[in-house]
Amino acid sequence: MLKDSVERLVSERYPFEKRAEHAAEPRGFSEAMWEEMAELGLTALPFGEQLGGLGLGGVEMMIVGEAVGRGLLLEPYLSSIVLAGTAIAQGAEDGEAAARLSAIMTGETVAALADHATITASVVDGGVRLDGAATMVLGGDQAALFVLPAGNSGWMVSADAPGLRVRGYRLHGGGGAADLTLEGVRVGAEAHVAVQAMTRAIEAGIAFLAAEAAGATRAALDLTVGYLKTREQFGKPIGSNQALQHRAAELLVEVEQASSAAIYAALLAEEYDPAERARGTAAVKAVIGKVGRFVAQQTVQLHGGIGVSEEHIISHYFRRLTAIGMLLGGTDAQLKRLADLGGFTRPRAHLDLA
Amino acid sequence: MDLRFTAEEEAFRREVRAFIRDNLDPVTHRKMVDGRVPTKDEIVAWQRALNRRGWATPSWPKEAGGPGFSAAERYIFLDELHQAPAPEPLSFNVGMIGPVIHAFGTSAQKERFLAATANIDIWWAQGFSEQSAGSDLAALRTTARREGDAYVVDGHKLWQGMAHHADWMFTLVRTDPGAPKRQMGISFLLIDLRSPGITIRPIVTLDGRHEVNEVFLDEVRVPLDCLVGAENAGWDVTKFLLSNERTGIARIGMTKHLIRRVKRLAGTDEAMMRKAAAIEAELKILEITQLRILDAQQGSNTPDPRSSVLKLKGVELRQAASELLLEAAGPKALEVVGDDEPFGSGDDEWLGTIMPNYAILRAASIYGGSSEVQKTIVAKTLLGLG
């Protein structure tokens with residue numbers, strides 16, 4: 001079963017004590033883990049069988065995402081497989097998609113997609129010329145291939161393309177990103193990615209972050225409840241104090257919301273109506289941002305002093321959950337988007353609906 | 001896990017909506033839309049319309065006359081009522097005493113009461129709370145002593161919702177003050193409110209309405225055959241009754257109606273729409289939690305412990321929506337307007353109920369198990385704390 005094998009992989013390869021070692025590797029993640037994820041087929045999960053993938057769907061991606069979130073994995077799964085991979089699989093020409101995905105699925109090529117960019121594409125002989133900039137490109141610090149939005153399209157750009165400058169950096173909470181500048185970067189027509197695929201990629205990325213948040217918040221809560229039961233002060237476990245019991249109950253309510261958000265996002269992957277997907281994704285990301293921030297803050301609080309030590313895993317969940325809330329559009333931006341899309345309830349009388 | 005409704009369930013939803021559209025009295029509907037309280041007659045008429053359709057008792061087993069809804073159908077049915085908006089089946093009758101009589105009553109009691117309860121031939125009140133017995137219900141002091149062929153009941157009950165409409169009251173009384181544990185000396189009695197010795201006094205709540213009452217019982221004689229379950233075993237009956245709220249507890253549909261009203265009032269105000277989106281986002285996700293619980297419940301009759309999670313978040317969002325509606329209405333909502341003022345003209349949103357309803361909705365986090373008690377239960381039963 002996928003869930004069992006992923007959970008086993010994470011618990012065997014990624015105990016928290018090893019995480020700092022993995023982060024210290026040259027690419028900022030564990031090469032062995034990345035290889036193992038490819039060997040297990042995880043990196044081929046969401047891509048159609050005709051592209052050499054496993055053709056699995058939203059629920060399977062959610063299972064992987066939860067494990068990644070729970071284990072605080074550093075490997076570029078979100079950026080390469082989910083974001084860039086989805087865009088290429090769904091938006092590049094078939095032959096091109098298969099060719100590019102082959103190396104992405106083996107893990108040989110790490111790819112990254114920009115969701116925050118101002119790039120113009122001017123038509124030139126045989127392709128386009130790209131000029132502009134992109135910021136906070138997730139996984140961009142290690143990527144060999146970029147998928148960039150320009151005008152009403154996406155474009156695949158090699159990291160070594162003339163005119164492309166990449167400034168990579170680490171992110172709080174794990175992983176890395178890059179800022180890009182493009183000056184006269186030329187790509188051929190075959191590098192085109194359909195704009196709908198760029199949208200699907202972001203939606204898939206948000207769904208994955210929701211799953212990460214579901215896994216991470218649940219893990220943070222479990223650790224915290226364990227701590228409340230074992231930590232003694234004034235001659236009794238601190239969990240015997242009602243204020244802390246109530247805080248834990250409030251956390252559980254929010255953790256259940258995070259799980260539901262991840263499930264809803266998984267279901268949205270099969271939703272045909274793009275407007276419904278857009279609304280749903282905005283709601284998912286808004287809730288994950290709010291829940292993640294609350295759970296991060298309160299689980300640190302309930303750990304007392306050790307909650308703010310680098311050594312304790314809870315401070316790492318704090319940082320990753322905070323980051324998740326802010327990546328691919330924070331809560332405020334998502335709520336604005338949801339409001340602009342009209343929300344879920346129309347003002348019309350309910351009985352007037354068919 | 002597939003949380004999507006089937007084609008049959010979607011068809012059922014449309015059937016329920018059409019039924020409401022065709023059978024709910026327009027005046028009653030208008031009152032519900034405006035947030036006013038329907039009259040006793042209006043509530044009874046609607047329940048009887050549902051009863052003719054076989055839908056008055058959605059949660060009752062088929063043997064008791066229920067429609068045999070699946071968990072999903074029960075949820076859909078209540079959700080359509082909440083969104084219409086239409087009155088729910090009378091909670092005291094359908095949600096509380098009916099299932100109790102079916103589970104614990106004698107065949108004579110079932111015959112005497114069940115059908116009459118479904119049809120509101122008998123309107124029931126809930127005689128649980130007292131001055132010293134709110135969250136701590138087992139602290140109740142109303143006594144009942146056996147005298148010949150009757151119990152003689154003395155005491156004082158508080159917060160009886162709609163007791164002034166009621167014909168009968170189901171009550172918790174202390175039959176054994178000397179029992180080693182307080183819960184062990186409690187009995188469940190059915191009391192005819194026309195009995196001598198009963199006085200019902202109105203309590204006006206902060207919304208200016210008279211919905212709840214206090215009930216004084218002064219040497220009230222209650223026939224022995226009005227005991228439900230064994231003497232001194234009333235606490236088990238109580239636990240059963242209190243656990244009975246399963247689907248529909250989040251009343252998500254009611255919150256949707258409030259959001260609808262917010263959008264009608266403030267649809268062009270960006271800040272207001274952003275706040276509405278915040279509630280809608282969490283509500284959408286809560287619906288998924290509701291569906292997950294329904295999915296887990298299929299075929300099972302045991303209440304899901306995660307129901308507390310649903311109630312906590314559901315109440316939070318409903319109160320938030322009610323507060324947002326107040327903000328959307330602005331200071332004009334502060335003008336005191338009686339519930340019996342004539343309806344406004346066509347499209348105008350009725351403001352008169354917004355402040356009273358916002359105020360009385362503060363009770364949603366208090367009655368039926370306060371949010372604080374719910375949190376303690378969640379911590380204990382779901383997290384093993386305390």
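Colleague: How many helices and strands does chain B have?

Modeller: This is a predicted model. In it, chain B has twelve helices and eight strands.

Colleague: And what is the radius of gyration of chain B?
Modeller: 21 Å. A compact globule of 386 residues would come out near 21 Å, so chain B agrees with that estimate.

Colleague: What box do its C-alpha atoms fill?
Modeller: Roughly 70 × 50 × 45 Å for chain B, along the principal axes.

Colleague: What share of chain B counts as buried?
Modeller: 47% of the 386 residues.

Colleague: What about contacts in chain B, how many join residues at least 24 apart?
Modeller: 71%, counted among contacts between residues at least 6 apart in sequence.

Colleague: Switching to chain A. What is the strand order in the open sheet?
Modeller: E2-E3-E7-E6, four strands in chain A. The pairing is antiparallel.

Colleague: Which strands stand at the edges?
Modeller: E2 (117-124) and E6 (164-170) of chain A. Each has a single partner strand, so one side of each lacks a neighbour in the sheet.

Colleague: By how many degrees are neighbouring strands turned against each other?
Modeller: By 10 degrees on average in this sheet, direction ignored.

Colleague: Which residue in E7(A) is the bridge partner of A:Leu138?
Modeller: A:Ala177.

Definitions and conventions:
Residues numbered from 1 in each chain as written. Chains lettered and ligands numbered in written order. Predicted model: local features only at pLDDT ≥ 70, side-chain atom pairs only at ≥ 80, totals over all residues. Helix = DSSP H or I, 4+ residues; strand = E, 2+ residues; numbered from the N terminus. Rg over C-alpha atoms; globule rule 2.2 N^0.38 Å. Buried ≥ 20, exposed ≤ 12 C-beta atoms within 10 Å, placed from the backbone. Contact = placed C-beta atoms within 7 Å. Pairing = 2+ DSSP bridges. Axes fitted to C-alpha atoms, helices over the stretch in contact; angles between N-to-C directions.
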